[in-house]
Every structure is written in C-alpha cells, then in structure tokens.
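Morning, everyone. Let's get the structure up on the screen and walk through it.

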Amino acid sequence: QVQLVESGGGLVQPGGSLRLSCVASRSIFSFNAMGWYRQAPGKQREVVASMSSDGRTNYADSVKGRFTFSRDNAKNTVYLQMNSLKPEDTAVYYCNAVVMYVSGSNAHYWGQGTQVTVSS
C-alpha cells in the first residue's frame, strides 16, 4: 500500500508564496507519474501539475509561470512551489501517484489533502 502525506498548506495573502510537499512511503521512481490536484468548494477536482517518471512536467494553463513541480528522489518527496498566488487558487491540494501495470490496469494513490487559502 502506498501512502502519500502532504504538508505546507496555509493562509497566504494574494501575491504570496507557499511550497507544498508530498512524501511517499516508497521510492517515487516506482510511480509512472505523479501529480498535484486541487478541489475548490463546489467544484470538481482538477489537475494542477503532473510529472512523468522521466521528470517531464505539465501544468494547467491557470498556473503556468507561477507554479513549479519538482522532486527530491533521495527524500521520496515531490514539491509544488506556488508563487504569485491568487484568491482563485484557494482549494484543497492533493498529491497523486499512478502505477501502471503490464495488464493495462492502473492504480491511483492519493494523499489526505492540504488546505491552501489565498485571502487578504
């Protein structure tokens, strides 16, 4: 069983920064992909950023140029650096890991989420 533990959320003023962390219970190299998602009240969960096993990243248009997805392999940890935060970034942020099997099936693992609130 995979465990993902997020931290780093909080209350920040517009224009401020936060760095989210996600520690995995096993090597992040064992995952085919990892991602950060968010869910705002009354809205569906959406992908914010993703990273493939070879380190390629993709970002939602709404966060491009402001958020950066990175990883520390030795610490089994991925990060989401969030700069120039806006009120519309307010949401619960979730870490996700995907394992793909040769059978064609895949498994998604989720952290418990961390609240990010951007408000003056």
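Predicted model: local features only at pLDDT ≥ 70, side-chain atom pairs only at ≥ 80, totals over all residues.

Start with Val98. It sits in strand 9, residues 91-100. Buried or exposed? Val98 is buried, because its relative accessibility is 8% and the cut-off for buried is under 20%. Leaving aside residues up to four places away in sequence, Val98 touches Phe31, Asn32, Ala33, Asn106, Ala107 and His108. Gln1 is 97 residues away along the chain, yet the two C-alpha atoms are 12 Å apart.

Now the partner strand. Strand 9 pairs with strand 10 in the antiparallel sense, over five bridges. Val98 stands opposite His108 there.

Look at the faces of strand 10, residues 106-110. Ala107 and Tyr109 make up the covered face. Asn106, His108 and Trp110 are on the uncovered one. In a regular strand, side chains alternate between the two faces of the sheet.

On to charges. How many salt bridges are there? The count is five. Asp54 and Arg56 meet at 2.9 Å, N to O, and Arg56 is exposed at 58%. Lys64 pairs with Asp61 at 3.2 Å. Asp61 is exposed too, at 64%.

Arg66 and Asp89 form a salt bridge at 2.8 Å. That pair links distant parts of the chain, 23 residues apart. Arg66 lies in the loop between strands 6 and 7, Asp89 in the loop between strands 8 and 9. Both Arg66 and Asp89 are buried. They also belong to a salt-bridge network with Arg38 and Glu46.

Terms used:
Residues numbered from 1 in each chain as written. Heavy atoms only, no water. Helix = DSSP H or I, 4+ residues; strand = E, 2+ residues; numbered from the N terminus. Buried < 20%, exposed > 50% of the residue type's maximum accessible area, 1.4 Å probe, protein only. Contact = heavy atoms within 4.5 Å. Pairing = 2+ DSSP bridges. Salt bridge = Lys/Arg side-chain N within 4 Å of Asp/Glu carboxyl O.
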